[in-house]
Amino acid sequence: MAAPATPEAFSLTYSMFSLLLILFACVELGDAASAVHVYRLIQYDLAGVPLGSRISGLNHHAVSFPVDPDADLSRSALVVPLLDLDLSFLRDYITNKKLLGGLVILLPQKLSSKFGEFGKNVDLSRVKSVLHELEDLLVHSELPYPVYFAYESSTFDNLLGDIRGNNFSTQPATSTNGGYKLVISAPEAKKLSPPTISNFQGWLPGRKDGDSDQLPTIAIVASYDTFGAAPSLSVGSDSNGSGVAALLEIARLFSRLYSNPKTRGKYNLLFGLTSGGPYNYNGTQKWLRSFDQRVREGIDYAICLNSVGTWENDLWMHVSKPPENVYIKEIHEGFSEVAKDMGFSINVKHKKINISNPRVAWEHEQFSRFRVTALTLSGLSAAPEFLQSTGNLHDTRKSVDEKVVVRTVKLVAESLARQIYGHKGKNIDIFADSSSLAVNSHHIRSLLDLLSRTPRVAPFLSKNDPFLAALKKELSDHTVEVHVQNELLDGAFTFYDSTEATLNIYQVAGVTFDFLFLMVLGSYLIVLFSFLVITTRGLDDLINIFRRPTVRKSKSV
């Protein structure tokens with residue numbers, strides 16, 4: 001027969017059970033956390049001026065609109081959906097250098113390829129307008145606090161719902177009233193070494209009746225890199241993913257013609273994919289400078305492709321020489337002839353370059369500085385401002401219409417073919433849709449998909465990046481003598497790392513809850529202590545513990 005449990009054994013068992021209960025309660029209270037992937041606002045210096053987000057770590061309570069205009073948000077992280085963001089509020093904070101603990105901007109899910117067509121219905125034209133203004137403000141300002149972008153999700157929906165439903169929704173959350181705490185444990189960003197930029201070139205040599213080096217050359221060029229408010233999200237599907245996709249399809253089409261000696265033209269075709277586009281086309285300048293003078297002088301003209309995936313009825317030809325120039329006029333007439341057959345028009349826009357001004361608005365201007373006739377074909381009617389429209393957050397795969405890129409390819413390829421084969425003025429459709437030389441929309445689609453999955457901000461693309469290897473292979477499949485030029489990016493730019501992070505969201509209790517919990521826990525421990533003393537030593541010992549000791553009076557001498 002088992003011996004009866006002693007009071008000491010019972011007390012020990014009860015104590016262990018109580019301790020486990022307390023630990024379980026603490027685990028439950030600390031388990032209310034979520035982890036979300038976030039993307040940091042770019043940090044860089046321009047001519048020594050610090051710009052962008054200057055801090056990467058975050059450890060503050062979350063707040064959202066509406067907030068008291070006079071509230072102190074220096075220890076609060078503002079979480080706000082893009083379309084709810086009051087830009088005047090943010091501009092006031094930046095202009096007047098008001099302190100903010102942090103800023104988390106939630107982007108619509110439809111801007112992310114991860115969500116496909118799911119998510120809330122949003123007005124994409126309004127999103128584009130707001131993002132354009134927001135990015136211009138953030139990229140050209142110094143923000144002494146962390147700024148991150150994230151995509152809307154159920155996690156943030158629940159977070160915002162709780163914040164706005166709280167009685168303290170119009171006041172910053174603090175340790176007094178509890179709420180949610182946002183934590184990003186990221187080290188301070190470090191300066192990147194001067195980045196390497198890579199230029200790619202490939203040739204399709206003309207018919208070798210004599211020395212092909214004596215043949216004139218037509219260059220087709222596109223810059224492939226981007227710049228945006230969030231480097232990890234800057235895919236630039238239109239600017240300039242569409243130009244790259246168009247160039248590679250044009251190379252594929254002419255490689256089929258040039259592979260047969262009988263259909264090889266009397267022009268060399270030079271294809272160039274350049275880097276450093278957002279930085280005054282620094283890579284294009286280095287590429288042209290590397291040419292032998294005879295090669296540069298042999299370029300009849302260059303066609304630069306930029307943002308050709310969103311235009312509707314008008315395509316723009318940007319030039320540095322006056323439209324009356326005999327070469328520009330001849331090129332424009334050739335393009336206009338094909339465009340008319342296709343049902344749209346080509347507009348010419350002349351902008352004289354200023355050699356003393358380091359600002360290069362279009363890629364063809366670098367050719368013009370080397371006295372090479374060139375033009376930029378674009379859906380944009382005007383040149384973007386410096387560091388604008390080169391990979392904005394709204395410039396995603398969904399913003400590009402592959403049918404528009406197909407039209408651009410057809411225009412350029414047909415115009416070039418009519419000149420190369422002497423068919424100007426003739427209604428000959430060399431790349432007819434039903435022929436073996438038709439533009440391949442599937443090829444263009446796959447290229448756009450690849451480019452739209454790949455952030456291409458030059459300082460964060462190493463020369464060994466798999467994307468650059470894929471770009472070289474694609475060019476090598478359709479051209480010969482493919483060459484890669486690696487150069488350091490010139491200019492007054494300094495970039496910093498830390499472009500992505502994990503945001504941890506913790507639900508925290510207020511001081512009132514902590515005080516009540518402490519009182520309950522203290523009372524419980526007192527009762528437990530008293531019970532243990534009574535069961536092991538008796539009630540008298542418990543009374544003696546709490547009894548006030550007798551004070552003996554000393555006898556006076």
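Me: Thanks! Let's begin with Thr217: which strand is it found in?
Reply: This is a predicted model, in which local features need pLDDT of at least 70 and side-chain atom pairs count only at pLDDT 80 or more, while totals for chains, interfaces and linings use all residues. Residues are numbered from 1 along each chain as its sequence is written, and side-chain values use heavy atoms, with hydrogens and water left out. Helices (H or I, at least four residues) and strands (E, at least two) are DSSP runs numbered from the N terminus. On that basis, Thr217 is found in strand β11.

Me: Is Thr217 buried or exposed?
Reply: The terms rest on relative accessible area: buried is under 20%, exposed is over 50%, and partly exposed is in between (1.4 Å probe, protein chains only). Thr217 has a relative accessible area of 5%, so it counts as buried.

Me: What share of the contacts in the chain between residues at least 6 apart in sequence join residues at least 24 apart?
Reply: The chain has 557 residues, of which 49% are buried, and its secondary structure comes to 14 helices and 19 strands. Among the contacts between residues at least 6 apart in sequence, the share joining residues at least 24 apart is 82%.

Me: What covers the buried residues of α6?
Reply: Helix α6 spans residues 282-290, and its buried residues are Asn282, Gly283, Thr284, Lys286, Trp287 and Leu288. The cover over them includes β10 (196-204), β11 (217-223), β12 (268-274), α7 (293-297), α9 (364-369) and β17 (480-488).

Me: How many salt bridges does a search of the whole structure find?
Reply: Side chains of opposite charge can pair when their charged atoms come close. To count as a salt bridge, a side-chain nitrogen of Lys or Arg must be within 4 Å of a carboxyl oxygen of Asp or Glu. One of these pairs is Lys98 with Asp92, with the closest N and O atoms 2.7 Å apart. Over the whole structure, the search finds 17.

Me: How many residues apart are Arg418 and Glu337?
Reply: Their side chains meet in a salt bridge, 2.9 Å from N to O. The pair links distant parts of the chain, with Arg418 in helix α10 (residues 402-420) and Glu337 in helix α8 (residues 326-342), and the separation is 81 residues.

Me: Which residues are linked with Asp449 in a network of salt bridges?
Reply: Asp449 forms a salt bridge with Arg397, the closest N and O atoms being 2.8 Å apart. Because Asp449 lies in helix α11 (residues 441-452) and Arg397 in the loop between β16 (374-378) and α10, this pair ties together parts that are 52 residues apart in sequence. The network links Asp449 with Arg397, Glu402 and Arg445.

Me: Which residues make the contact between α10 and α11?
Reply: The axes, which are lines fitted to C-alpha atoms over the stretch in contact, with angles from 0 to 180 degrees between N-to-C directions, come within 10 Å and cross at roughly 120 degrees. The contact is made by Glu402, Val405, Val406 and Val409 of α10 and by Ser441, Ile444, Arg445 and Leu448 of α11.

Me: Where is the cis peptide bond that has omega about 5 degrees?
Reply: Most residues other than glycine have a negative phi, and most peptide bonds are trans. The bond from Phe65 to Pro66 is cis, with omega near 0 degrees, and Pro66 has its place in the loop between β4 (58-63) and β5 (76-81). The bond with omega about 5 degrees joins Ser239 and Asn240.

Me: What is phi of Leu387?
Reply: Leu387 is found in the loop between β16 and α10, and it is buried, with a relative accessible area of 7%. Its phi is positive in a residue other than glycine, with a value near 65 degrees.

Me: And what is the phi of Glu481?
Reply: Glu481 lies in strand β17 and counts as exposed at 58% relative accessibility. Although Glu481 is not a glycine, its phi is positive, at about 55 degrees.

Conventions. Contact means heavy atoms within 4.5 Å.
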